[in-house]
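Here are some notes for your review.

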Amino acid sequence: WSPDGRVIAVPGSAQVGGSLVPQLVFVDLASGSEQVVSLPVMPAALAWLDAMSLVVNRSGEPGAPVQLWRVSYPDGKLSRLTNDLSNYSGASVSADRAMLVTARTERRAGLWVGDGGAATGTEVVAPFKSDKGTYLRWAADRLLLGVSSGHTAIMSVSPGRLPEELISNGDDPSTTSDAKMVVFRSTETGDRAGLWRTDADGRQAFHLVPAITGSASSPHITPDDRYVVFLSNRTGVQSPWMVSIDGGEPQQVTKMFAAASMLDISADGKSIVFQGVEPHWTVCDLPACAAPRNVSHVAGPGLERWMPDGRGIAYSFERNLWVQPLDGTRPRQLTHFTDGRLIDDFAWSRGGKRLAIARAAVTNDIILFRGLSRKPQGPEPGRAPEP
């Protein structure tokens, strides 16, 4: 609500040409009219500073830290208030509009690798700054990490070598069995959005699934290296789809709803699992989701992966990995970490002999900013307010 109670500001989005365009909508209560301002990135939170401006939490670009910005009303011009490496969430302004309180989240992710049964293992990559969850996939003897720290990128990690950036502006990688091809989700917008395919060193990029008629995310290459299964909302309901790794028209696997980033293919390539309507996972057979069956579980929305032997589903729960057997017997605990880190992602190598887990330590602080009533000079702000 604006300070005078006449306008409500609401973050939202509109689908334009198959892509979601972030917006800030101002609703005039007297007339019911709406004024729409398009934004580069969806704001995470907002609060009115005065009758002519708001403060929003947003990133400057996909993958960048979520910072504090000022939005002028009614023209919607943006000016930056903070410029650091923190992520700010939430916003509440004092009655005199001079102070703002927000939360600051910092996360550092490390990489643990052990045997396939998680009986032994060690941290092979020390914790590094990661603004969001870390995607993890095996590529033969190396690991690919989708990380976000200032910008999104896919990093290549090999034993005894420093991580190196392989692909910029991408995450959620998947590779062929010989690791010669990588399929990933682009974090760019517009005609660059969707799924891309490159060779092993990130070159020879090919736009495999443009996001023209709907989103495309969570790609998984089938074990025979012929197809890519992914999630899309191009029919209005997010569900699994399939496309040839050489390109072509995608085909819908099933019309059933599938939650975001919750999709995996069994090691034999015959079945998929995805989070449907809770509290069940849906398991069905490729290519047309034949013989669908529900698998009950105790975990909330999170990560799930097929066990290498295909007899159960592994999932993250209470900062460890558990296994739910498909025969309906009680779940069993697979890992026994006690340091309180969250599990961002995990993956078995082809053949299931090695297990890699991305684990993150998250700290949260409350930050008070003073002096927010000062007006920025010109299109760029002056000195940022002091915390």
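1. Two strands count as paired if DSSP finds at least two bridges between them. In this predicted model, strand β29 (residues 320-325) is joined to β30 by two bridges, and the two run antiparallel. In that pairing, Val323 stands opposite Arg332 of β30.

2. The pair belongs to an open sheet of four strands, ordered β27-β28-β29-β30, with antiparallel pairing. β27 (304-306) and β30 (332-333) are at the edges. Each has a single partner strand, so one side of each lacks a neighbour in the sheet.

3. Searching the whole structure gives one disulfide. Cys284 and Cys289 form it, with sulfur atoms 2.0 Å apart. The torsion about the S-S bond is about -95°, so the disulfide is left-handed. Cys284 is buried, at 0% relative accessible area. Cys289 is buried too, at 6%.

4. Glu304 deserves a look. This residue is found in strand β27. Glu304 is buried but has no salt bridge. Which side chain of opposite charge is nearest to Glu304? It is Arg305, 6.5 Å away.

5. What does the side chain of Glu304 reach? The backbone nitrogen of Gln275, at 3.4 Å. A polar contact of 3.2 Å also links the side chains of Glu304 and Trp281.

6. Beyond its neighbours within four places in sequence, Glu304 is in contact with residues including Met262, Leu263, Val273, Phe274, Ile313, Tyr315 and Phe346. Asp264 is also among them.

Note on methods: Residues are numbered from 1 along each chain as its sequence is written. This is a predicted model: local features need pLDDT of at least 70, side-chain atom pairs count only at pLDDT 80 or more; totals for chains, interfaces and linings use all residues. Side-chain values use heavy atoms; hydrogens and water are left out. A disulfide is a pair of cysteine sulfur atoms within 2.5 Å. Buried means under 20% relative accessible area, exposed over 50%, partly exposed in between (1.4 Å probe, protein chains only). Lys and Arg count as positive and Asp and Glu as negative; His and the chain ends are not counted. A salt bridge is a side-chain nitrogen of Lys or Arg within 4 Å of a carboxyl oxygen of Asp or Glu. A polar contact is a pair of N or O atoms within 3.5 Å; within protein, one must be able to donate a hydrogen and the other to accept it, and residues adjacent in sequence count only if both atoms are side-chain atoms. Contact means heavy atoms within 4.5 Å.
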